[in-house]
Amino acid sequence: MKNTNKNHLLSIFISLYLSVLVHQISAADNASYVAADKIFLNCGSSLETQDTDGRSWEGDNDSKFAASEENTLTSRAATQDPSVAEVPYMTARIFRSEFTYSFPVGSGRKFVRLYFYPSSYAGLNASNAIFSVTSGRYTLLRNFSVSQTTEALNYAFIVKEFSINVENGRVNVTFTPSPYFTNSYAFVNGIEVVSMPDIYNTADGTTTIVGQGSAIFIIDNTTALEKVVRLNVGGSEISPAEDTGLFRSWSDDSSYIFAAQFGVTDTASPNMSIRYPRRIPPYVAPVNV
């Protein structure tokens with residue numbers, strides 16, 4: 001992790017959860033977290049549709065989450081990569097000027113996930129989609145290019161996930177086309193806002209960095225976080241529906257292993273269950289992790 005100042009985004013470089021065998025274990029009957037706020041917005045659509053996980057996404061046409069749709073366009077993607085799901089990636093809302101969604105939610109930390117698929121929408125050049133995204137005092141993305149980022153990472157689509165604390169009962173997400181590039185515009189395919197427990201903070205407000213000895217930094221309610229990668233080490237991919245109520249995606253770790261050093265994977269006995277330490281709630285990670 002790296003620590004910026006309190007009014008800027010703190011990035012989590014790696015959120016690694018190891019698959020560890022723990023003896024004498026017994027999991028709590030209810031390991032899932034129940035989110036008080038769950039909003040899934042399929043941007044550029046007028047329909048309520050389901051994704052491949054069975055989650056319902058509402059369209060944002062005439063949405064209660066936007067005061068006006070002036071200076072926006074909606075469009076289907078010109079093409080669809082075979083690996084890209086219909087929902088929420090095949091429709092988008094496009095912004096030529098600053099535009100804000102406002103989501104009424106309870107107080108506390110929220111996951112904010114932004115879904116992007118780089119394609120031509122409404123005849124626009126995908127490479128001109130360069131924009132910033134802010135939420136309150138936090139800059140989540142600055143001069144961000146979906147097409148350049150996905151090309152560099154060899155991704156067909158990308159999800160940007162953040163954790164922010166909410167105190168005033170609303171999550172505002174503002175898209176602003178970059179003023180530094182000609183014909184720039186902003187777009188988004190889907191927005192997800194989900195309540196989350198404060199799993200990053202500690203009783204004294206300090207957090208240690210793995211591998212950094214005694215180095216500590218503060219994670220408090222003024223700190224925002226960005227997920228860079230979340231791995232199920234030695235295991236397979238875990239979809240949001242298979243998570244513990246937090247709708248997190250867990251990636252297979254094989255593409256992150258250097259060269260041919262794949263190591264040896266092992267799995268726990270099917271008769272083994274997990275007992276979590278008193279300070280670790282069961283929803284911190286799925287049992288398969």
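Over the ring of which residue does the charged end of Arg113 sit? The charged end of Arg113 sits over the ring of Phe111, 4.4 Å from its centre. A charge counts as sitting over a ring if NZ of Lys or CZ of Arg is within 6 Å of the ring centre and within 35 degrees of the ring normal. Arg230 does likewise with Trp250, its charged end lying over the ring at 5.7 Å from the centre.

Before going on, please note that this is a predicted model, where local features need pLDDT of at least 70, side-chain atom pairs count only at pLDDT 80 or more, and totals for chains, interfaces and linings use all residues. Residues are numbered from 1 along each chain as its sequence is written, and side-chain values use heavy atoms, with hydrogens and water left out.

Let us turn to the aromatic rings. The structure holds 20 aromatic pairs, a pair being rings of Phe, Tyr and Trp (its six-membered ring) with centres within 6.5 Å; planes under 30 degrees apart count as stacked, over 60 as edge-to-face and the rest as tilted. Here are two of them:

| Pair | Centre distance | Plane angle | Class |
|---|---|---|---|
| Tyr33 and Tyr283 | 5.5 Å | 65 degrees | edge-to-face |
| Phe99 and Tyr101 | 5.1 Å | 75 degrees | edge-to-face |

Tyr33 and Tyr283 are 250 residues apart, and their pair links distant parts of the chain. Tyr33 is in the loop between strand 2 (15-17) and strand 3 (38-42), while Tyr283 is in the segment after strand 20 (251-252). Helices (H or I, at least four residues) and strands (E, at least two) are DSSP runs, numbered from the N terminus. Tyr33 has 19% relative accessibility, so it counts as buried; that means under 20% relative accessible area, with exposed over 50% and partly exposed in between (1.4 Å probe, protein chains only). Phe99 and Tyr101 are both buried too, and ring pairs join them to a cluster that includes Phe65, Phe116 and Phe175.

Tyr101, Phe116 and Phe175 also have the most contacts inside the largest nonpolar core, which has 60 residues. Such a core is a set of buried Ala, Val, Leu, Ile, Met, Phe, Trp, Tyr and Cys residues joined through side-chain atoms within 4.5 Å. Strand 9 (residues 108-116) gives the most to this core, with five residues. Domain 1 (38-195) and domain 2 (231-288) both contribute residues, so the core lies between them; the bounds come from an automatic or database domain assignment. A second, separate core of six residues includes Ile238, Tyr276, Val284 and Ala285.
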